[in-house]
Amino acid sequence: MELRQEVLGLLERCVLLRRRLHQIPETGYEEIDTQRFVLERLEACRPDRLETLAGTGVRAVFFAPEAKETIAFRADMDALNITEENETDYVSQRPGKMHACGHDGHMTMLLLLAELVSRHRDEMTKNVVLLFQPAEEGGGGAMRMIEAGALQDPPVDRIYGIHIWPSVPKGKIGVRWGPMMAQTLEFDVIVHGRSAHGASPQLGVDAVVVAAELIGLLQTAITRNLDPHEDALLTIGKISGGTARNIIADKVTLNATLRVFSSSVYAKLSERIRDMLQGLTLATGATFEFKKLMQYPCVDNPRPLVEDFYRYVDMSNVVLVEPAMAAEDFACYQQEAPGLFLFLGIGGGKNCQPLHNCRFDFDEDALLLGVEVYWRLLGM
């Protein structure tokens, strides 16, 4: 896609903005300095309305004369608890925290879009809402933004989001209609047994042994209960419990995540997991707590919005992507208004490591394609 000269002229600003944001990473609901930075840049663009939402989030509204439609764009703001190992002059200045998922780039694209909108206010035919959202990385920031009125006054007709994606080649936009990113459930299972001396196991209920049985059973929830053509993933990422080598453990906690692309598959697996817990209670005498911590819907792109997107872009820059098992709370916005989520390619560029890698980095000029796409989606 040919980038217009005005967008190409934003490259220096793009680099400066992204690298400064990269230096001040903050995790969910702690984005104090990030919020201040965003507000200062947006104030210079003179939006008609500029407000804070969901604690550390930001919302800017530009009204167009006689607009009949309101278009929203969303960027996430939070960083990760990762120690950066890059050796650049813009490395993270916050020990143990890093923008390793491209959120600094997402915010940069929206700040540059704000500059374009500010320059062309008299030509705008649609109201523009820019959402800078905290706590995407498991903190449920999208729902808090929605509850605070992010999509109201004016009511949003469509919403768009872009995520940097290393497996998509630089200079390409990845899209698909239907399920694009997984529905996810983060949950804990707490096994309650009964402690006893290790020399008298018959007097206790060993939570460690029961947890081991449960882990084996959970692996069959997908492999022996779903059609092999149905995509699903169940991961137990952490186990903790017990007190000493010679004490029968009375408590073990399993931290897990479930990812699927279908509500029916989700319901089926949830029921199967409940059945397993009930069965183990009868078989072992242990009891269980099942705690849902965070649940995101599936990112599901409506076909009409994808087809509409094709009208605005050069198809030679568009690639069809496979559904990703990663989750994104942009899906929550799609539950409230028609929404389209896109992947921005950075593959083949500078230090192209996987997302959430301690050496993740990318070429800032890749962001200009995202800005161009946003600008075209406004009909400009």
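A pocket is defined, on a 1 Å grid over the protein atoms alone, as an open set of points where a 1.4 Å probe fits, with protein on both sides within 12 Å along at least five of seven lines; lining residues have an atom within 4 Å of a point. Grid points are joined across faces, edges and corners, and the volume is the space filled by probe spheres set on the points. The model is predicted, with local features requiring pLDDT of at least 70 and side-chain atom pairs pLDDT 80 or more, whereas totals for chains, interfaces and linings use all residues. Residues are numbered from 1 along each chain as its sequence is written, and side-chain values use heavy atoms, with hydrogens and water left out.

The largest pocket holds about 290 Å³ of space. Its lining comprises 17 residues, and Glu-136, Glu-137, Arg-259, Ala-327 and His-356 lie nearest the centre. Strands β5 (158–169), β8 and β13 each contribute at least two lining residues (strands are DSSP runs of E with at least two residues, numbered from the N terminus). By class, the lining of the largest pocket contains eight nonpolar, four polar and five charged residues (nonpolar: Ala, Val, Leu, Ile, Met, Phe, Trp, Tyr, Cys and Pro; charged: Asp, Glu, Lys and Arg; polar: the others, Gly among them).

The lining of the second largest pocket divides into four nonpolar, six polar and two charged residues.

Nine aromatic pairs are present in the structure (rings of Phe, Tyr and Trp, the last by its six-membered ring, with centres within 6.5 Å; stacked if the planes are under 30 degrees apart, edge-to-face if over 60, tilted otherwise). Phe-187 and Phe-290 form a stacked pair, at 5.0 Å centre to centre and 25° between the planes. This pair links distant parts of the chain, joining strand β8 (residues 183–192) to strand β13 (residues 287–296) across 103 residues. Phe-187 is buried at 1% relative accessibility, while Phe-290 is partly exposed at 33% (buried, under 20% relative accessible area; exposed, over 50%; partly exposed, in between; 1.4 Å probe, protein chains only). A tilted pair is formed by Phe-360 and Phe-362, at 6.0 Å and 50°, and both residues are buried. Trp-165, Phe-330, Tyr-333, Phe-341 and Phe-343 make up one aromatic cluster.

The charged end of Arg-18 sits over the ring of Phe-362, 4.0 Å from the ring centre (CZ of Arg or NZ of Lys within 6 Å of the ring centre and within 35 degrees of the ring normal). The charged end of Arg-303 likewise sits over the ring of Trp-177, at 3.9 Å from its centre.

Key
Helix = DSSP H or I, 4+ residues; strand = E, 2+ residues; numbered from the N terminus.
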